[in-house]
Amino acid sequence: MKTLLIKDGDDHKLRLKMNKCTAPDNLYHIQMTNELYNTDGDLTDTSNYEFFLTRVQVDRLINGLAGKSEDLS
């Protein structure tokens, strides 16, 4: 499993976890977790988002999160 901390702010964190699926072998399981914190630093809310993406889609997601744009036309 690969884990990437995308955003690490005082009031929120966004993490991305990626696992390769065993079948079909061209898919990856992506889990994005958004954590919200109050002014005392206590965790107040967590949201999880799950996707199944191909390697091409994973690369596009990573490039988008890194701020690299691509022409989709």
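Keep in mind that the model is predicted: local features need pLDDT of at least 70, side-chain atom pairs count only at pLDDT 80 or more, and totals for chains, interfaces and linings use all residues. Residues are numbered from 1 along each chain as its sequence is written, and side-chain values use heavy atoms, with hydrogens and water left out.

Let's begin with the sheet. Four strands, in the order β1-β2-β3-β4, form an open sheet with antiparallel pairing. Strands (E, at least two residues) and helices (H or I, at least four) are DSSP runs, numbered from the N terminus, and two strands pair if DSSP finds at least two bridges between them. Because β1 and β4 (43-54) each have a single partner strand, they stand at the edges, and one side of each has no neighbour in the sheet. From one strand to the next, the twist averages 15 degrees. Between β1 and β2, which run antiparallel, there are 6 bridges. Here you can find L5 opposite R15 in β2.

Beyond its neighbours within four places in sequence, I6 is in contact (heavy atoms within 4.5 Å) with L14, L16, M32 and L65. I6 counts as partly exposed, at 28% relative accessibility; buried means under 20% relative accessible area, exposed over 50%, and partly exposed in between, with a 1.4 Å probe and protein chains only.

Finally, look at the charges. Side chains of opposite charge can pair when their charged atoms come close. The structure holds 3 salt bridges, each a side-chain nitrogen of Lys or Arg within 4 Å of a carboxyl oxygen of Asp or Glu. One joins E35 and R15 at 3.8 Å, N to O. This pair links distant parts of the chain, with E35 in strand β3 (residues 27-37) and R15 in strand β2 (residues 12-20), 20 residues apart. E35 is buried at 13%, whereas R15 is partly exposed at 27%. Another joins D59 and R55 at 3.0 Å, N to O. D59 and R55 are 4 residues apart in helix α1 (residues 55-65), so about one helical turn separates them. K13 and D8 form a salt bridge too, their closest N and O atoms being 2.9 Å apart.

Key. Axes are lines fitted to C-alpha atoms, for helices over the stretch in contact, and angles run from 0 to 180 degrees between N-to-C directions.
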